[in-house]
Amino acid sequence: DYGGTNNNTTRLRKNPNRHLIRQYTNRERLLDADREYRITIVQHGQYIEFGVDDSPMIRCFDPNPLLSGYIGVRAFVADIEITGIEVSRAK
């Protein structure tokens, strides 16, 4: 949830049940209007990193990582445009 709840929070959640892993409310971790972002999410073993514009924003340890599943994009009452999604597996 990057800039979630009317741009008051940035959160990392894990499904199922939208389990909250980390949440931030400081200005540096919220969205700026009328700006493009490059979002990356990397899972390496039990570690997850959520990055924005090639800078880490959230890093955390997951003792029970998901090994398969789906990618979801949630935009509730948001004026966004997604220009591409890329999924890859590191060797």
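**Figure 1. Asp34, an exposed residue in the loop between β2 and β3**. In this predicted model, Asp34 has a relative accessible area of 85% and therefore counts as exposed (over 50%; buried is under 20%, and partly exposed lies in between; 1.4 Å probe, protein chains only). The loop that holds Asp34 runs between β2 (19-24) and β3 (39-44); strands are DSSP runs of E with at least two residues, numbered from the N terminus. Asp34 is not a glycine, yet its phi is positive, at about 55°. Most residues other than glycine have a negative phi. Residues are numbered from 1 along each chain as its sequence is written, and side-chain values use heavy atoms, with hydrogens and water left out. Local features need pLDDT of at least 70 and side-chain atom pairs count only at pLDDT 80 or more, whereas totals for chains, interfaces and linings use all residues.

**Figure 2. Asp54 in the loop between β4 and β5**. Asp54 also has a positive phi, of about 65°, although it is not a glycine. Its relative accessible area is 65%, so Asp54 is exposed.

**Figure 3. Thr10 in strand β1**. Strand β1 comprises residues 10-14. Thr10 is buried because its relative accessible area is 0%. Its side chain reaches the backbone oxygen of Arg29 at 2.4 Å. Beyond its neighbours within four places in sequence, Thr10 is in contact (heavy atoms within 4.5 Å) with residues including Asp1, Tyr2, Gly3, Tyr24, Leu30, Met57 and Ile58.

**Figure 4. The largest nonpolar core**. Eight residues form this core: Tyr2, Leu12, Ile48, Phe50, Val52, Met57, Ile58 and Cys60. A nonpolar core is a set of buried Ala, Val, Leu, Ile, Met, Phe, Trp, Tyr and Cys residues joined through side-chain atoms within 4.5 Å. The elements giving two or more residues to the core are β4 (47-52) and β5. Leaving aside neighbours within four places in sequence, Ile58 is in contact with Leu12, Ile48 and Phe50, among others.

Figure 5. Ile82, in the segment after β5 (55-61), is partly exposed at 47%.

Methods. Helix = DSSP H or I, 4+ residues; strand = E, 2+ residues; numbered from the N terminus. Polar contact = N/O pair within 3.5 Å; in protein donor to acceptor, adjacent residues only side chain to side chain.
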